[in-house]
Amino acid sequence: MADYERFLSPTGRHLHESAIRRMGTVSARAPDMVSFAAGYPDPLSFPWDELRELAAGLLSGRDPSVLQYGPTRGYEPLIESIVGALAARHITATAEQVTITSGSQQGIDLVGRVLVTPGDVVLVELPAYTGAISAFRNAQARLAGVRQDGDGIDLEDLDAVCLRERQAGRRVRLLYLVPNFQNPTGVLLSGTRRGQLLAWAERRDVLIVEDDPYGALYFEDMASEAGTRPLRADDAAGRVLYLSTFSKTLAPGFRVGWMVAPASLIERFETAKQSVDLMTGSFDQRIVHEAVTRGVLERLAPHLRQVYRARRDAMEEALHGQLADRIRWTRPKGGFFLWAELADGYSDESLLARALEQRVVFVVGSAFYVDGTGHQWIRLSFSAPTPERIREGVRRLGAAMAIPCVPV
Ligand SMILES: Cc1ncc(COP(=O)(O)O)c(C=O)c1O
């Protein structure tokens, strides 16, 4: 057998794998595993009947473009619908400022390809979404972590890290963050900090990549909706590149997301996308477009908020009942994740090994830290398992935590 390692490029050799994908594979393989690992949406909430009907209509054969190649930037009527939906989120954008992407993950990857010079610093939260860590590392960025607290990213630390990196002679051009119900912490960036962040980006000449997959999935009253107002809505100086997706509010199998950016940058992203996939799938975009225009998405949103709130409650109740003396967490006000701090005597990786023996899986906290720390944290996703499975998973986690487990 040939040694294919010899054929790898430096990029190919150093590609970064997502820790979450790896955990997803573990849970898919083991029968009866309870997975708190991947942030998968609830499959029972996919609007199966409506999607079946939409798909049948599109596949009637009357419109050949449904299965044909199309523009790289996306199906124009879908872009127009997105422009309309953005206006409802207080974002003013023209069609020239929007591109469809193969999930918002591709948007992050395109930012890495087009805006990162190898060796540049990208600022990220401590902890940060692993898919972004992988994409920016693959673009050969150097990642610098910024502390966050219960109100989101810490602006003093942000400025200190930015200046420290610049004083060391490195270029700092980008900040990536998830202001709404962050992955993995579930934290919502406060309104005050949103305004301060925009002023900071202007002062320090930095672009902000705002990744917003969870903004519609808030669990509290309508005041929370105001609390999820995108940074891009108040971005008078044009500092924000905004990413979002239909993955969490419709279905991730479609791989349809979008990016909002100045038109001159959208052109660059489009050219980069051409060599990656030519275009996001036509059929996927057409189904999503029908789902948007026929109000499927709008009808679904309140149901999803209710389902995920009930799952969050089920997880919190089970944790309070079984593990309150061994873990600590702050109640997530939306999204898919509960971020838990382990008591002294436990560490994320040894606990995972024990948890797998008990047939329950989560993502280790350290996977989200770019500075090698985070071993006293774990991320528990409550989005996919039913409340009954959540209770069973927490019971198993309790068994795994029956005795402390420090690193070996
Ligand atoms: C913060 C964040 N960004 C991006 C993504 C990727 O989403 P998509 O399915 O649209 O590629 C995820 C998925 O979990 C996420 O949590």
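**Chatting through a predicted model**

Student: Let's start with Ala-340. Which residues does Ala-340 touch, leaving out those up to four places away in sequence?
Tutor: Ala-340 touches Ile-327, Arg-328, Trp-329, Trp-377, Ile-378 and Leu-380. Keep in mind that this is a predicted model.

Student: Where is Ala-340 found?
Tutor: Ala-340 is in strand 11, which covers residues 337-342.

Student: Buried or exposed?
Tutor: Ala-340 counts as buried because it has 23 C-beta neighbours inside 10 Å, and 20 or more are needed for that label.

Student: And Ala-236, buried or exposed?
Tutor: Ala-236 counts as exposed, because there are 7 C-beta neighbours inside 10 Å. The cut-off for exposed is 12 or fewer.

Student: Where is Ala-236 found?
Tutor: Ala-236 sits in the loop that runs between helix 9 (223-227) and strand 8 (240-245).

Student: Okay, new topic: the ligand. How many residues surround the ligand, and which are the closest?
Tutor: The ligand is surrounded by 14 residues, and Gly-103, Gln-105, Asn-183, Thr-245 and Ser-247 are the closest. By class, the shell has nine polar, four nonpolar and one charged residues.

Student: Which helix gives the most to that shell?
Tutor: Helix 5, residues 103-115, gives the most, with three residues.

Student: How does helix 5 sit against helix 10? At what angle do the axes cross?
Tutor: The axes cross at roughly 105 degrees and come within 9 Å. Helix 5 and helix 10 are therefore roughly perpendicular to each other. Helix 5 makes the contact through Leu-110, Arg-113 and Val-114, and helix 10 through Arg-268, Phe-269, Ala-272 and Lys-273.

Student: What is that contact like by class?
Tutor: The contact of helix 5 with helix 10 has four nonpolar and three charged residues, and no polar ones.

Student: Last one, helix 11. Which of its residues are buried?
Tutor: Gln-285, Arg-286, Ile-287, Val-288, His-289, Glu-290 and Ala-291 are buried in helix 11.

Student: What do they pack against?
Tutor: The buried residues of helix 11 pack against helix 3 (48-58), helix 4 (76-88), strand 2 (98-101) and helix 12 (296-323).

Student: How many residues does helix 11 have, and what is its reach?
Tutor: Helix 11 has 12 residues and reaches 16 Å from its first C-alpha to its last, close to the expected 16 Å. Just after helix 11, Gly-295 takes a positive phi of about 80 degrees.

Conventions: Residues numbered from 1 in each chain as written. Predicted model: local features only at pLDDT ≥ 70, side-chain atom pairs only at ≥ 80, totals over all residues. Helix = DSSP H or I, 4+ residues; strand = E, 2+ residues; numbered from the N terminus. Near = placed C-beta within 6 Å. Nonpolar A, V, L, I, M, F, W, Y, C, P; charged D, E, K, R; others polar. Expected span 1.5 Å × (residues − 1). Contact = placed C-beta atoms within 7 Å. Axes fitted to C-alpha atoms, helices over the stretch in contact; angles between N-to-C directions. Parallel < 35°, antiparallel > 145°, perpendicular 65-115°, else oblique.
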